[in-house]
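Subject: Handover of a structure and notes on its contents

Dear colleague,

Please find the structure below, together with its sequence. My notes on what was found in it follow.

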Amino acid sequence: MSRLGFLGPQGSFTEVAAREYEHQVGEFIPYNDIKSLVLGVVKDDIDRAVVPIENSIQGGVTLTLDLLAEFDLNIVGEVVLVIEQSLVAKKKMDLAEIRHVISHPQALAQCRSFLEENLSNYETHISNSTSEAIQQLTTLDDSWVAIGNSRAVDHYDLEVLAQGIQDNRDNCTRFIVLSKEEGIKSQNNKTSIICSVVEDHPGFLYDILHEFAIRGINLTKIESRPAKRMLGEYIFFIDFEGHYQDERVKTALELVRYKSSWYKLLGSYEKAVGIVEF
């Protein structure tokens, strides 16, 4: 029986992405935080895990990127989901009564303008996920509200005060699927790698990207993260179209590996077709 883990509790955006990716899974298993979820695959407690990796407003999910560098897992799929944030409370109330707002840091950032324009004299609080924030709301007093997926209220006796409160209507999050196995090759693949510089010299990044450009390989994302060794040292996350076994991709990656002090293939997988709305 296949076991697919997601960032929970139930009702999270990650659960929506997980169920969109795989409808016939034997068991969907929620985890409280991203690291525990990734470790679930590493320890064979689950077969695959769905984790958020980037948001169209806030950029990369840094913890996910760091864990990709730390653990040897393959990206085997992706889902892009439209994110509509809602303001949830224990009862119907006036917005002026709100004193505390709890949610995931990215959700709070995505709704900053709404909060500043509609609330006053309030504090924000951090949770591991939007659905955890909604779950925690059940144990807090009536001055608290949460930001998250309106579907999550189906699991609790809560009220939706406002829907679509994100600052940008084109708010999307990309989720990836992690496994110890490799992804299935298709006609619409993309590949993800990590690399770092041999030594700090002008033009390193150009040297790397040049190998893709001269072969007509389309890059879909590039992001840097601190290498966590010395100030100013970085590793680069690069996504591009094609499969690592394609001849032109294979040649480019051989040269990227040669020019890098550290290189890691994160996997080739089927590119998401369109954006999922729900």
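Helices (H or I, at least four residues) and strands (E, at least two) are DSSP runs, numbered from the N terminus. This is a predicted model, in which local features need pLDDT of at least 70 and side-chain atom pairs count only at pLDDT 80 or more, while totals for chains, interfaces and linings use all residues. Residues are numbered from 1 along each chain as its sequence is written, and side-chain values use heavy atoms, with hydrogens and water left out.

Enclosed space

Rolling a probe the size of a water molecule over the atoms shows where empty space is left. The search here used a 1 Å grid over the protein atoms alone: a cavity is a set of points where a 1.4 Å probe fits but cannot get out, a pocket is an open set with protein on both sides within 12 Å along at least five of seven lines, and lining residues have an atom within 4 Å of a point. Grid points are joined across faces, edges and corners, and a volume is the space filled by probe spheres set on the points.

The structure holds 2 cavities of 30 Å³ or more. The largest cavity has a volume of about 240 Å³. It is lined by 17 residues, of which Phe13, Thr14, Pro52, His104 and Thr130 are the closest to its centre. At least two lining residues come from each of α1, α4 (105-110) and β11 (172-179), and α4 gives the most, with 3 residues. For the make-up of the linings, Ala, Val, Leu, Ile, Met, Phe, Trp, Tyr, Cys and Pro count as nonpolar, Asp, Glu, Lys and Arg as charged, and the others, Gly among them, as polar. By this scheme the lining of the largest cavity has 8 nonpolar, 9 polar and no charged residues.

The second largest cavity has a volume of about 50 Å³. Its lining includes Ile53, Leu65, Arg174, Lys221 and Asp239. The elements that give two or more residues to this lining are α3 (62-70), β12 (189-197) and β14 (234-241); β14 gives the most, with 3 residues. The lining of the second largest cavity divides into 8 nonpolar, 1 polar and 3 charged residues.

The largest pocket

About 420 Å³ of space lies in the largest pocket. Of the 20 residues that line the largest pocket, Tyr21, Val76, Gly77, Glu78 and Glu270 are the closest to its centre. Two or more lining residues come from each of α1 (13-21) and β5 (74-82), and β5 gives the most, with 5 residues. By class, 8 of the lining residues are nonpolar, 5 polar and 7 charged.

Two strands pair if DSSP finds at least two bridges between them.

Isoleucine 102 has histidine 125 as its bridge partner in β8 and stands opposite alanine 146 in β9. In a regular strand the side chains alternate between the two faces of the sheet. In β7, His100 and Ile102 on one side and Val101 and Ser103 on the other are all buried (buried means under 20% relative accessible area, with a 1.4 Å probe and protein chains only).

Strand β6 (residues 86-89) and β10 are antiparallel, with 4 bridges; here valine 88 stands opposite valine 160.

The four-stranded sheet

A further open sheet has 4 strands in the order β13-β14-β12-β15, with antiparallel pairing. β13 (219-226) and β15 (260-270) are its edge strands, each pairing on one side only. 9 bridges join β12 to β15, and asparagine 189 stands opposite glutamate 270 in β15. Helix α8 (residues 247-259) lies across β12, β14 and β15 and runs at about 150° to β15.

Yours sincerely

Terms used: Buried means under 20% relative accessible area, exposed over 50%, partly exposed in between (1.4 Å probe, protein chains only). Contact means heavy atoms within 4.5 Å. Axes are lines fitted to C-alpha atoms, for helices over the stretch in contact, and angles run from 0 to 180 degrees between N-to-C directions.
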